[in-house]
Amino acid sequence: VQLQASGGGLVQAGGSLRLSCVASGGTFSSYGWLRQAPGKEREFVAAIRRSGGSTYYADPVKGRFSISRDNAKNAVYLQMNSLKPEDTAVYYCAVKFTSFNIESTLWNYWGQGTQVTVSS
């Protein structure tokens, strides 16, 4: 299984970025994004179920971030709007075989991470 994430970068506060992640080597029940800021533990950001498309968000990003998927491409996206300096982190896409405990950091496979830096 390989997860290739892209789309990170440097943006000013209030700006937007769109992250993309393409999975290969399998299909999964759940696709998600997590992040890890310097000196902090990895945290859940957003997730989506492959079937039905139910979405889940961490409280700090609700109303600003939107997760979507393209099942045909086995891809997941994270649209990030109204970015804040505290959103600065390495963002990881991840997949899991079930939808159990989807709003957690417990995922089966992780991508390599893409850096998002929000300047004030």
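Asn 101 is found in the loop between β9 and β10 (109-110); strands (E, at least two residues), like helices (H or I, at least four), are DSSP runs numbered from the N terminus. The model is predicted, so that local features require a pLDDT of at least 70 and side-chain atom pairs count only at pLDDT 80 or more, whereas totals for chains, interfaces and linings use all residues. Residues are numbered from 1 along each chain as its sequence is written, and side-chain values use heavy atoms, with hydrogens and water left out.

Although Asn 101 is not a glycine, its phi is positive, at about 55 degrees. Asn 101 counts as partly exposed because its relative accessibility is 37%, where buried means under 20% relative accessible area, exposed means over 50% and partly exposed lies in between (1.4 Å probe, protein chains only). A positive phi, near 50 degrees, is also taken by Ser 82, again a residue other than glycine. Ser 82 is placed in the loop between β8 (75-80) and β9 (89-96) and, at 41% relative accessibility, is partly exposed.

Strand β4 (residues 30-36) is largely enclosed by the rest of the structure, because 6 of its 7 residues are buried. Strand β4 runs antiparallel to strand β5 (residues 43-49), to which 6 bridges join it; two strands are taken to pair if DSSP finds at least two bridges between them. In the hairpin of β4 and β5, 6 residues lie between the strands, and Gly 39 takes a positive phi near 75 degrees. Strand β4 is also joined to β9 by 7 bridges, again in the antiparallel sense, with Leu 34 standing opposite Tyr 92 in β9.

Strand β7 (residues 65-70) pairs with β8 in the antiparallel sense over 6 bridges. The hairpin formed by β7 and β8 has 4 residues between the strands, and Asn 74 adopts a positive phi near 55 degrees in this hairpin. The bridge partner of Phe 65 in β8 is Met 80. Phe 65 and Met 80 are both among the residues with the most contacts inside the largest nonpolar core, together with Trp 33, Val 45, Ile 67, Leu 78 and Tyr 91. This core has 36 residues; a nonpolar core is a set of buried Ala, Val, Leu, Ile, Met, Phe, Trp, Tyr and Cys residues joined through side-chain atoms within 4.5 Å. In soluble globular proteins, nonpolar side chains tend to be buried together. Leaving aside residues up to four places away in sequence, Phe 65 touches Val 45, Tyr 57, Leu 78, Met 80, Leu 83 and Tyr 91, as well as Arg 35, Gln 79, Asn 81 and Asp 87, contact being defined as heavy atoms within 4.5 Å.

A search of the whole structure finds 4 salt bridges, each defined as a side-chain nitrogen of Lys or Arg within 4 Å of a carboxyl oxygen of Asp or Glu. Arg 35, Glu 43, Arg 64 and Asp 87 are linked in a network of such bridges. The side chains of Arg 35 and Glu 43 meet at 2.6 Å, N to O, and Glu 43 is also the bridge partner of Arg 35 in β5. Arg 35 is buried, with a relative accessible area of 6%, whereas Glu 43 is partly exposed, at 34%. Asp 87 forms a salt bridge with Arg 35, the closest N and O atoms being 3.0 Å apart. This pair links distant parts of the chain, with Asp 87 in the loop between β8 and β9 and Arg 35 in β4, 52 residues apart. Asp 87 also forms a salt bridge with Arg 64, the closest N and O atoms being 2.7 Å apart. Arg 64 lies in the loop between β6 (55-57) and β7, so its pairing with Asp 87 ties together parts that are 23 residues apart in sequence. Both Asp 87 and Arg 64 are buried, Asp 87 having a relative accessible area of 1%.

Val 95, in strand β9, is buried, with a relative accessible area of 1%. Not counting residues up to four places away in sequence, Val 95 touches Leu 3, Phe 28, Ser 30, Tyr 31, Trp 107, Asn 108 and Tyr 109. Phe 97 is placed in the loop between β9 and β10 and is partly exposed, at 46% relative accessibility.
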